[in-house]
Amino acid sequence: MHIMGRVNSISCLLFAAGALAASSKSSFPTWTFLRPNRHMEWNELPTHVSLSSNPFHAGILDADAIVMGITAESNETNASVNWLELLSHDGSDGLSNSSFENALSAIQDSLQQLVYDQSLSDTLIALKAEVENASIATLSSSAVLIKESRQSPQSIYCMQFGNVTNSTAALKQARLLGAAVANLVESVSKKKDDSKKGKSIKILMPFQLEASAWTEVAFSFWTTLYKDMRFKGNSEKEKAKESSGAVTVEFITLNDASSQIDVQDALQKGASIARANYMARDIVNAPHNVLNSLALADTAERLASRYRSLSCKILSSANCERLGMGAFLGVARGSETEAQFIHMTYKPRRGRGKLHKIGIIGKGLLFDTGGYNIKTSMMEMMKFDCGGAAAVMGAALALAELEPEGVEVHFIVAACENMISERACVPSDVLVASNGKTIEVLNTDAEGRLTMADALVYADKEVQCEEIVELSTLTGACMVALGSAVAGLWVDSDDLADSLIRASKATGEQIWRMPLVEDYKEDLKSKVADIKNLGGRYGGAISAALFLQNFVDGNKPFAHIDIAGPVWNFKASQASGYGVKLLVEWVQQRAKEYK
Ligand SMILES: [Zn+2]
């Protein structure tokens with residue numbers, strides 16, 4: 001027996017060494033046969049691209065590409081957010097003669113608007129003359145106007161702006177501008193560059209934008225450039241690096257003296273929120289063999305260590321047990337990795353006076369198999385069940401960079417996995433939440449609300465937040481009701497509802513207020529416990545919201561947002577980062593009110 005034991009332990013060691021060797025070949029940190037992963041890499045904004053603004057047009061002819069922004073004629077107001085496609089966009093699209101003619105006449109119009117700046121006007125007139133003199137037949141099929149007679153600029157593009165009449169349209173237009181410029185960067189960046197000095201793009205804006213629109217331009221620009229190469233092999237990663245040359249993008253904003261807008265500052269804000277969007281998408285995109293509760297806790301700690309206004313506390317399962325978090329730990333019990341209760345805090349370094357205490361909670365199921373009520377469809381999507389946690393941690397990053405005053409924000413995630421093992425919770429188990437409520441588990445796949453129950457009690461009683469917003473990928477029923485573009489909002493307080501809807505309108509992240517139907521509370525009653533974790537057959541998203549109300553003081557403003565639909569971009573097959581912008585905007589609004 002003893003000898004056998006020794007032989008076994010030696011072969012185990014060999015196995016362990018083999019696993020380590022295998023993992024060293026991996027292009028990203030992942031589990032080994034014997035250990036779960038503890039470290040997730042995340043994507044930074046691309047460093048080969050820069051985005052800035054300049055009120056002067058000096059040196060414009062040195063640019064590799066000039067984009068002339070022009071405004072649509074006033075009778076085209078309906079097309080307020082439509083663009084004339086970029087002339088000479090990416091080399092693949094042809095350009096019809098008629099749209100080229102339109103562009104010429106539009107350039108003509110815009111020149112008249114720009115006469116106050118004589119030297120720029122001269123430049124544009126010269127460019128226009130070249131465009132006119134080049135016969136359409138000599139333009140390449142890609143319609144790139146190469147000025148062969150001079151070295152630069154290499155290409156001239158034209159971009160038509162609509163006459164926007166309201167702020168929603170202005171934001172949408174800003175979003176389109178950011179995305180179009182990002183696409184241009186992609187195509188310019190791939191072009192061969194023998195000089196090694198990198199490419200430059202200058203964009204002549206036909207008018208000044210609001211600061212919020214500039215922030216949106218930058219956000220859209222950077223988030224369009226997002227690429228998650230983390231799980232590609234090393235050779236693919238190398239190839240991608242080699243094919244992306246440096247590009248600088250400069251908006252020539254034609255700021256007149258009366259305009260006080262700090263465009264550079266607004267662009268920086270957009271970059272901060274985009275950085276947060278990257279983090280949120282990275283968290284949702286990471287598969288379970290990379291991102292588990294331990295790796296998420298590590299991510300939160302590393303994030304907090306970057307910013308002086310952020311701190312992070314991780315409660316182990318023993319700590320959670322001491323606080324009586326039986327609902328959360330019941331869900332976590334079946335997983336290889338220990339449950340991690342993540343509590344990050346943002347405190348502004350400037351300003352004084354009492355801070356308004358906000359709690360933001362995100363569902364953090366790093367994987368949801370459904371447990372013993374195992375999922376029979378869409379299980380491969382269930383790495384997205386941490387979308388709430390992703391939005392919360394992204395918001396923490398952005399707020400740490402933007403530093404709003406007047407608010408103290410608590411970011412809370414009860415992180416775990418819903419797995420099957422001999423330790424896992426089974427249907428009919430009765431769990432006791434930290435406020436003493438007993439819960440009959442009728443379906444182990446309705447686990448998100450169990451983890452959230454203890455997170456809510458913690459934010460309410462332990463931290464004593466004055467208002468609480470919670471985001472979760474909670475129900476398929478919400479996706480059925482609102483589709484993949486809109487999140488559901490359940491909230492008793494009209495004031496909190498209004499402020500969230502305002503934030504939604506300002507960011508374009510859509511939410512829709514849903515009813516809290518009193519009668520359906522009946523469906524949550526249990527014969528053996530205080531409540532059960534499943535409501536009636538219909539209205540599943542509503543009964544989930546009603547369930548959560550059991551864990552927050554009834555007088556405290558509390559909003560539940562079901563993001564199961566918008567968390568994933570089905571077209572792009574990747575995370576959307578939904579929720580970050582909404583939360584950041586909402587907290588900033590609150591900060592203004594309480595400053
Ligand atoms: Zn589930």
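Isoleucine 439 has isoleucine 531 of strand β15 as its bridge partner. That pair belongs to the contact between β11 (residues 438-440) and β15, which run in the parallel sense over 2 bridges; two strands are taken to pair if DSSP finds at least two bridges between them. Helices (H or I, at least four residues) and strands (E, at least two) are simply DSSP runs, numbered from the N terminus. β11 and β15 sit in an open sheet of 3 strands with the order β10-β11-β15 and mixed pairing. Its edges are β10 (430-432) and β15 (531-532), each pairing on one side only.

A word on the model itself: this is a prediction, in which local features need pLDDT of at least 70 and side-chain atom pairs count only at pLDDT 80 or more, while totals for chains, interfaces and linings use all residues. Residues are numbered from 1 along each chain as its sequence is written.

Taken as a whole, the chain has 16 helices and 18 strands. Of its 595 residues, 46% are buried, where buried means that 20 or more other C-beta atoms lie within 10 Å of the residue's own, exposed means 12 or fewer, and partly exposed is in between, with C-beta atoms placed from the backbone. Contacts are also based on C-beta atoms placed from the backbone, with two residues in contact if these lie within 7 Å. Among contacts between residues at least 6 apart in sequence, 81% join residues at least 24 apart.

Strand β9 (residues 407-418) is largely enclosed by the rest of the structure, because 11 of its 12 residues are buried. β9 pairs with strand β7 (residues 340-346) in the antiparallel sense over 7 bridges, and isoleucine 342 finds its bridge partner in valine 413 of β9. With strand β8 (residues 356-368), β9 pairs in the parallel sense, this time over 12 bridges. There, lysine 357 stands opposite glutamate 408 of β9. In general, strands of a sheet pair through backbone hydrogen bonds, either parallel or antiparallel.

Next, the helices. Axes here are lines fitted to C-alpha atoms, for helices over the stretch in contact, and angles run from 0 to 180 degrees between N-to-C directions. Angles under 35 degrees count as roughly parallel, over 145 as roughly antiparallel, 65 to 115 as roughly perpendicular and the rest as oblique. The axes of α5 (residues 211-224) and α7 (residues 263-285) come within 7 Å and cross at roughly 40°, which makes α5 oblique to α7. On the α5 side, the contact includes Trp214, Phe219 and Trp222, and on the α7 side Leu267, Ile273 and Asn277 are among the residues involved. By class, the contact of α5 with α7 splits into 12 nonpolar, 4 polar and 2 charged residues; Ala, Val, Leu, Ile, Met, Phe, Trp, Tyr, Cys and Pro count as nonpolar, Asp, Glu, Lys and Arg as charged, and the others, Gly among them, as polar.

For α8 (residues 293-306) and α11 (residues 387-402), the axes come within 11 Å and cross at roughly 10°, so these two helices are roughly parallel to each other. Leu296, Ala300 and Leu303 of α8 meet Ala389, Met393, Ala396 and Leu397 of α11. This contact has 7 nonpolar residues, with no polar and no charged ones.

Arginine 281, in helix α7, counts as buried because it has 26 C-beta neighbours inside 10 Å. Its C-alpha atom is separated by 7.7 Å from that of glutamine 574, which is 293 residues apart along the chain. Leaving out residues up to four places away in sequence, arginine 281 touches Tyr226, Asp228, Gln574, Ala575 and Gly577. Leucine 204 lies in strand β4 (residues 199-204) and is likewise buried, with 22 C-beta neighbours inside 10 Å. The C-alpha atoms of leucine 204 and isoleucine 66 are separated by 7.5 Å, although 138 residues apart along the chain.

Finally, the backbone. Most residues other than glycine have a negative phi. Glutamate 403, in the loop between α11 and β9, has a positive phi of about 50° although it is not a glycine; with 17 other C-beta atoms within 10 Å, glutamate 403 is partly exposed. Serine 573 also has a positive phi, near 55°, and is found in the loop between β17 (568-569) and β18 (574-575). Serine 573 is exposed, with 8 other C-beta atoms within 10 Å.
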